[in-house]
Amino acid sequence: MTEFVATEVQGGVGYLTLTRPQALNALSLDMVRAITQALDQWAADPQVHAVVVAGAGGKAFCAGGDIRFFHRAALAGDPELDRFFAEEYALNHKIHRYPKPYIALMDGVVMGGGMGISQGARRRLVTDRTKMAMPETNIGLFPDVGGGWFLARTPGHIGEYLGLTGAVIHADDALYAGLADGFVPANALAELAVSLRGTRFDSGDAVLAAVDACVARHRDACDPSSCMLAREREPIDAAFGAATVMEIVAIVSDGNTDWAAQTAATLRSRSPLMLCVTLEQIRRARAMTLEDELRMELDMMHDVFRYGDGVEGIRALAVDKDHAPKWRPARLDEVERARVMAFFDSPWRSEDHPLASLSSAL
């Protein structure tokens, strides 16, 4: 497979473990291919009834894609960059439509590409160490890996808030937003993983029952009173339900709470162009199938490193680390509507699209 993805079948369950902890289990193209290969093999294997995916190292499930590779490949015009996103999105789709129970143990950092390999799971478990986000606007990108689709299906306008700001949320917020199915304390999650490996299962339903029983035992361990999204739901909906990013920024700037001040400052630090692109993406995604939304994302990604702020955003955050990106344009009021809409023009005819074969069928 690859040195950064460990695979094992035990007791009727296929175990996928990301083993790149020094990079917070960030995904490379080889890792995407290894996961895809394993899932294809296990889907066809009658002795495998379910799949469990986890991250090694104790700090991260998966922090996203390998953004330094994105930067190098974009500057070099490397075609591997386009292949990465096409194959990653195909993998995200495979997980959403997987014919057997797929269970994601979302302990630690779960961001970007980590959300892509977990949001399609039949059970998404979070812990007291979970730090979840779609932080792409911070590096001049947009919430991809199906992000437009699953953010658009959160309550109210939470999706716009999470997509535009890239805010980091925790277990209680993830449950409230419908981005997780159950909470298990980190130490109990480790015990669950050991218990699963020590049990012989004869069906996917039996694996799900064992997971659900563990969640039920810890039902009261997650404190809903600390849920930021619930606490700020009214101002989130009031601001992020506005028609334009300019209006959103104006509304939060007029607020007199710490949340409003922090949110306004965050939005002003993001790429103005990609804020507008992201808002358009999430609004469109509400009426789209997953398949069409992923195809739209690949269309968008084709442009983001060529005409957008992706190269500059990654340079500022991860390469030079000066945290002073020079966004183009620098101000929201300079973003032209035509430039935003150009991201949604496909460079491919529908029959030639790299993701043309995606289907809603299991």
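Here is a short chat about the predicted model above.

Biologist: Before we start, what should I know about the numbering and the model?
Modeller: Residues are numbered from 1 along each chain as its sequence is written. This is a predicted model, where local features need pLDDT of at least 70, side-chain atom pairs count only at pLDDT 80 or more, totals for chains, interfaces and linings use all residues, and side-chain values use heavy atoms, with hydrogens and water left out.

Biologist: Okay, how many disulfides are there?
Modeller: A disulfide is a pair of cysteine sulfur atoms within 2.5 Å. Take Cys222: its closest cysteine sulfur, in Cys227, is 8.3 Å away, so that's too far for a bond. By this rule the count is zero.

Biologist: Is Cys222 buried or exposed?
Modeller: The cut-offs are under 20% relative accessible area for buried, over 50% for exposed, and partly exposed in between, using a 1.4 Å probe and protein chains only. Cys222 has a relative accessible area of 19%, so this cysteine is buried.

Biologist: Which residues touch the most other members of the largest nonpolar core?
Modeller: A nonpolar core is a set of buried Ala, Val, Leu, Ile, Met, Phe, Trp, Tyr and Cys residues joined through side-chain atoms within 4.5 Å. The largest one has 101 residues, and the ones touching the most other members are Leu229, Phe240 and Phe305.

Biologist: At what angle do helices α12 and α13 pack?
Modeller: Helices here are DSSP runs (H or I, at least four residues), numbered from the N terminus. Axes are lines fitted to C-alpha atoms over the stretch in contact, and angles run from 0 to 180 degrees between N-to-C directions. Helix α12 covers residues 245-253 and helix α13 covers 258-269; their axes are 8 Å apart, and the angle is about 145°.

Biologist: Why is helix α16 largely enclosed by the rest of the structure?
Modeller: Look at residues 310-319, which make up α16. Among its buried residues are Gly310, Glu312 and Arg315.

Conventions. Helices (H or I, at least four residues) and strands (E, at least two) are DSSP runs, numbered from the N terminus.
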